[in-house]
Structures are given as C-alpha cells and as structure tokens.
Amino acid sequence: MRMRPTLSWTPTEDLPPGTTDPRPVADALRLGGVLVLSGAGISTESGIPDYRGEGGSLSRHTPMTYQDFVGGAQARRRYWARSHLGWRTFGRARPNAGHRAVAAFARHGLLTGVITQNVDGLHQAAGTEGVVELHGSLDRVVCLSCGTFSPRRELARRLEEANAGFEPVAAAINPDGDADLTDDQVGDFQVVPCTLCGGILKPDVVFFGESVPVPRVEQCRELVRAATSLLILGSSLTVMSGLRFVRQAAQDGKPVLIVNRDATRGDVHAVTRIALPLGPTLTGVADGLGIPVEDGTAAGIGQ
C-alpha cells in the first residue's frame, strides 16, 4: 500500500511557542538513552536546503513521486538528468557542526541510536555508526526488475559516458538530490538500464507516495521502545514516516524534545521545542557536557 504524498502541513490548533533554552536537551543527554530523529534541517548548514523552512525547496519544486517515476520513461529521463547533476553537489557536501555533535554524543554513549529522514549520508560521514536511514540513501541504486543493488558512483560513471558534455547550470539543488532544470536543459538525456537484466534503475530512496519498508519501520519502533527520550533535530514532522515515532514515544510517556526553528507537526507531543540553529546549539550543549566535537574534515557521501 502506498501513501498519498503529504507535502505541506498547516497548524489547526494553537501550539506552544518555541524557546531559546537548550538546557532540556543537555539534561536529557546527561541521563542517556536518547534516540535522535533527524530531518533535512540538520543538513542546511552543509549547503543542502530543506523542504519547508524559509526558502525551502517545496516553495518552487514538487518532488518526484513513485507513481510518476514508474509511470513513464520521460519522467525517469527528467529525474535522472536532474539527479545526476544534483549528485555532484551532494558529493561535495560535508558534515556540519550538527552532524559532528551527534557523532560526539554517540561516541560518549549518550544515544541509543540515530534515525535520519535524510538521504545525504552526512551522519555517517561525520562518524556516527549504525544510522537507520528511514528514507534510504542516494549512494545506492536498485533495479526494479531484478532487485540488484549497485553503488551510485558506478551509475554516475555510466551516465557520464552516455551523456558526454551534459553540463547544465541548475537553478538550485533540493534535499532529495534533485537539481532544478528546465525541460530544455534536460533535453535528450540518456538513461541507462540495469547491467544485469536491462530493468529500470531507481535510487534506493523512498519517494513521496512510496511506503517505508515494514522491517525498517519496525526497527525504528524497537529503537523508540528502547529509548529513554526522543530528540528531534531539524524536522517539521510533516510526513507520517517520522511523526509516527513521535506519537509512539509520547504514548509511551517518554519525553519528546525538538530542536527546529519553525513549528512542527509534533509540537503538541513535545515537552519543548527549541527554536535555535542546530549547529551552534548542539555544539554548545556538547561543550557544556564536556564533550569534544571533532573538526570538519570528514568526506561527503560521494567520496
């Protein structure tokens, strides 16, 4: 069963205002057992825009849906042309202070796990191990016919060979790795098939309108059950794929803490929402806990 895409959310009730006091996050980390759920907002300081914040990509861009992707060759041509260009930008992105702070908390045993809604691989590049990629990752490709997985860098090489001279200038790059190109810029971009069976290749990511695999959802539910508290970093929680874990934690009586500049769909379940930028906030919390945060020398997803 595939979900109908949810692209926006409007509050239907008065929500508590955000604060600028990060002490509840520090207190939760001192107790340990914190489960992190991150969204696109944690990667904005790495140069990857979010979906719904100020200047978010949804104000100008409708993400590819699963139905459109499988429904027509022209939609796949447009997607792969734009994603091929966007992949180059993702490959240059580096973990920011927020990613590095999360990795530091994990190294010091304060976290029970990290779930990310992002497909950029920056948590792993910062050194966090065992990250659950709720929506998959752009660095893998899957064949929809034979189910074979392959590295994105290999597909990038094949697309380069099939489209020599393809060097359009994108208006913007989106959090799903999709670059903003016109139909004229896409032109007759050549899509390549699976090398094993000739089937359709798709990035190993959950498109809008596609369901998160059930085993992955249950893995995340187990992490919520094992956690003492849930810390949301940079997510509006508009889509149910992430919001369901907030609701689960709240129903279990576990504190939900949110660090996000704007109101979220999970605010009604949270003990606090801290309306501050993630990088400085998390590094400040780490400093207060006496936890060193490494410098920004890690490689990005495409390296």
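Which residues in H4 meet Gly279, Leu282, Thr283, Val285 and Ala286 in H10? Keep that in mind as we walk through this structure, which is a predicted model.

Let's start with the largest nonpolar core, which holds 30 residues. Those that touch the most other members are Tyr79, Trp80, Leu138, Leu155, Phe189, Leu201 and Phe207. Several elements build this core: helix H2 (66–71), helix H3 (73–92), strand S4 (136–143), helix H6 (152–162) and strand S6 (201–205) each supply at least two of its residues. Among the contributors, H3 gives the most, with seven residues.

Leaving aside residues up to four places away in sequence, Trp80 touches Phe69, Arg152, Leu155, Leu159, Phe189, Val191, Leu201, Lys202 and Pro203. The model also has a second, separate core of 25 residues, and Val102, Ala104, Ile274 and Ile291 are included in it.

Now back to the opening question. The H4 side of the contact consists of Ala97, Gly98, Ala101, Val102 and Phe105. Two packed helices are described by the angle between their axes and the distance between the axes. Helix H4 (residues 97–107) packs against helix H10 (residues 278–288) at an angle of about 30°, and their axes lie 8 Å apart. Because angles under 35 degrees count as roughly parallel, H4 is roughly parallel to H10. Their crossing is left-handed.

What kinds of residues make up the contact of H4 with H10? Seven are nonpolar and three are polar, with no charged residues.

Definitions and conventions:
Residues numbered from 1 in each chain as written. Predicted model: local features only at pLDDT ≥ 70, side-chain atom pairs only at ≥ 80, totals over all residues. Heavy atoms only, no water. Core = buried A, V, L, I, M, F, W, Y, C linked by side-chain atoms within 4.5 Å. Buried < 20%, exposed > 50% of the residue type's maximum accessible area, 1.4 Å probe, protein only. Helix = DSSP H or I, 4+ residues; strand = E, 2+ residues; numbered from the N terminus. Contact = heavy atoms within 4.5 Å. Axes fitted to C-alpha atoms, helices over the stretch in contact; angles between N-to-C directions. Parallel < 35°, antiparallel > 145°, perpendicular 65-115°, else oblique. Left-handed = near helix turned anticlockwise from the far one by under 90°. Nonpolar A, V, L, I, M, F, W, Y, C, P; charged D, E, K, R; others polar.
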